[in-house]
Amino acid sequence: MSAEVSDPSNDQLLFDIVTTNTIHGPCGNPRQIECFYLRLLLVNVTSRLSYQDIRKVNGQQYPTYKDAGLALGFLEDDNQWDCMLTEAALNCTAIQIRLIYAIVLTTCFPAREMTLWDNHKDSTTDDILYRHRTRFNNLTITFSDYVHNEAMIAIEICIVIANLSLSHFGMHSPNRSASTLMNIEMNR
């Protein structure tokens with residue numbers, strides 16, 4: 001596949017996608033997220049006059065090609081992954097759920113990674129919460145950003161095997177210094 005490099009002043013997003021992805025490989029690779037969704041739209045959407053028009057669906061302008069593809073129904077929703085993680089919460093340990101989440105991220109290409117995280121982050125952190133309650137001898141400690149951050153660190157360690165980070169999926173990278181500070185505080 002070849003692509004003409006567009007003028008960044010006309011379409012910065014397209015310019016970034018073309019200059020980043022066409023040099024490194026074809027746009028058919030789902031790991032090159034925006035390039036993959038641009039190709040999906042180019043193949044399936046006709047009569048669009050610009051790359052900006054491609055992101056417009058029923059009069060609404062979407063910020064990314066992925067969002068436009070979701071709006072057009074070209075992508076599956078994450079219902080199967082949501083159900084699987086819900087069932088895992090009933091039968092698996094938090095460590096196993098974190099591993100399942102990492103596998104889904106790296107091999108199943110969910111549409112809304114952050115929504116899956118938000119829906120299941122508490123079940124991925126049960127063991128971490130228990131450890132904090134035990135260390136402080138305080139059963140009133142609840143789920144918090146610090147606890148969820150530790151789980152995200154553990155998930156990111158799992159996906160490093162695929163040479164990826166959480167930021168690749170549009171998620172915030174975990175704050176490793178916050179985790180260190182929490183452990184120092186707990187050791188006092």
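**Reading the interior and the surface**

Modeller: Leaving aside neighbours within four places in sequence, I155 is in contact with R98, Y101, A102, L105, W117 and L166. Please keep in mind throughout that this is a predicted model.

Biologist: What is the largest nonpolar core, and which residues have the most contacts inside it?

Modeller: The general idea is that, in soluble globular proteins, nonpolar side chains tend to be buried together. In this structure the largest nonpolar core has 22 residues, and those with the most contacts inside it are Y101, L105, W117, I155, L166 and M171. The elements that contribute two or more residues to this core are α5 (79-91), α6 (94-108), α7 (113-120), α8 (126-136) and α9. There is also a second, separate core of 14 residues, which includes Y37, Y65, A68 and A111.

Biologist: How should I read the packing of α5 and α6, and at what angle do their axes cross?

Modeller: Two packed helices are described by the angle between their axes and the distance between the axes. Here the axes of α5 and α6 come within 10 Å and cross at roughly 165 degrees; because an angle over 145 degrees counts as roughly antiparallel, α5 and α6 are roughly antiparallel to each other. The crossing of α5 and α6 is right-handed, and the contact is made by W81, M84, L85, A88 and A89 of α5 together with I97, I100, Y101, V104 and C108 of α6.

Biologist: Where does L38 lie, and is L38 buried or exposed?

Modeller: L38 lies in helix α2 (residues 33-44), and with a relative accessibility of 5% L38 therefore counts as buried. The C-alpha atoms of L38 and A68 are separated by 9.3 Å, while the two residues are 30 residues apart along the chain; A68 is one of the residues in the second core.

Biologist: Turning to backbone angles, what is the phi of N58, and where is the place of N137?

Modeller: N58 has a positive phi of about 50 degrees although it is not a glycine, and its place is in the loop between β1 (56-57) and β2 (60-61). N58 is exposed, because its relative accessible area is 79%. N137 has its place in the loop between α8 and α9, and its phi is near 50 degrees, again a positive value in a residue other than glycine. With a relative accessible area of 73%, N137 is therefore exposed.

Biologist: How many helices and strands does the chain have, and what share of its residues count as buried?

Modeller: The chain has 10 helices and two strands, which follow the pattern α-α-α-β-β-α-α-α-α-α-α-α when read along the sequence. Of its 188 residues, 38% count as buried, and the chain exposes about 11,000 Å², of which carbon and sulfur atoms supply 54%. Among the contacts in the chain with a separation of 6 or more, 53% are accounted for by residues 24 or more positions apart.

Conventions. Residues are numbered from 1 along each chain as its sequence is written. This is a predicted model: local features need pLDDT of at least 70, side-chain atom pairs count only at pLDDT 80 or more; totals for chains, interfaces and linings use all residues. Side-chain values use heavy atoms; hydrogens and water are left out. A nonpolar core is a set of buried Ala, Val, Leu, Ile, Met, Phe, Trp, Tyr and Cys residues joined through side-chain atoms within 4.5 Å. Buried means under 20% relative accessible area, exposed over 50%, partly exposed in between (1.4 Å probe, protein chains only). Helices (H or I, at least four residues) and strands (E, at least two) are DSSP runs, numbered from the N terminus. Contact means heavy atoms within 4.5 Å. Accessible areas come from the Shrake-Rupley method with a 1.4 Å probe; for residues, only the protein chains shown count as cover. Axes are lines fitted to C-alpha atoms, for helices over the stretch in contact, and angles run from 0 to 180 degrees between N-to-C directions. Angles under 35 degrees count as roughly parallel, over 145 as roughly antiparallel, 65 to 115 as roughly perpendicular and the rest as oblique. A crossing is left-handed if the near helix is turned anticlockwise from the far one by less than a right angle, and right-handed if clockwise.
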